[in-house]
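Open the model in your viewer and keep the selection panel at hand. The stops below are given in the order in which to select them.

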Amino acid sequence: PESKIVLMPIFPRSAKPDDKIRLANGQINAIIKGCADGETVRWLDFNDKFLEPDGTLTKRVMNDLLHPNETGYQIWWENMAPVVKEITGK
């Protein structure tokens with residue numbers, strides 16, 4: 001009962017923001033976000049950090065436009081670390 005959950009959206013995939021898979025993920029993420037209560041379940045969305053200013057996803061972050069590479073994992077950690085520290089105190 002004292003557990004804390006960090007809920008994150010499905011990461012962006014496909015190069016272009018108007019790709020139908022990316023749009024479907026956006027709809028799913030909107031549903032998932034509704035599960036967060038801000039206390040026990042915290043919503044953490046930093047998907048924009050994976051994207052270029054025009055909304056495109058590049059191989060600089062995800063080689064196959066789906067799975068994070070080293071740069072993608074660095075972005076993930078940089079955005080997740082403050083929350084982990086806040087929740088755990090470490």
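Select Cys35: at 55% relative accessibility, this residue counts as exposed (buried is under 20% relative accessible area, exposed over 50%, partly exposed in between, with a 1.4 Å probe and protein chains only). Cys35 sits in the loop between α1 (20-33) and β2 (41-43); helices (H or I, at least four residues) and strands (E, at least two) are DSSP runs, numbered from the N terminus. Beyond its neighbours within four places in sequence, Cys35 is in contact with Leu7 and Val41, contact being heavy atoms within 4.5 Å. Its C-alpha atom is separated by 13 Å from that of Lys4, 31 residues apart along the chain.

A note on the model: it is predicted, local features need pLDDT of at least 70, side-chain atom pairs count only at pLDDT 80 or more, and totals for chains, interfaces and linings use all residues. Residues are numbered from 1 along each chain as its sequence is written, and side-chain values use heavy atoms, with hydrogens and water left out.

Next, select Ser14, in the loop between β1 and α1. Ser14 counts as buried, at 13% relative accessibility. Its contacts, leaving aside neighbours within four places in sequence, are Asp19, Ile21, Arg22, Leu57 and Leu65.

Now the aromatic residues. The structure holds five aromatic pairs (rings of Phe, Tyr and Trp, the last by its six-membered ring, with centres within 6.5 Å; planes under 30 degrees apart are stacked, over 60 edge-to-face, the rest tilted). Select Phe11 and Trp76: their ring centres are 4.8 Å apart and the planes are at 85°, so this pair is edge-to-face. Phe11 is in the loop between β1 (5-7) and α1, and Trp76 is in helix α2 (residues 70-88), 65 residues apart. Phe11 is buried at 16% relative accessible area, while Trp76 is partly exposed at 26%.

- Glu86 and Arg42: the closest N and O atoms are 2.9 Å apart. Glu86 lies in helix α2 and Arg42 in strand β2, so the pair ties together parts 44 residues apart in sequence.
- Arg60 and Glu52: 3.6 Å, N to O.
- Asp48 and Lys49: 3.8 Å between the closest N and O atoms.

Definitions and conventions: Salt bridge = Lys/Arg side-chain N within 4 Å of Asp/Glu carboxyl O.
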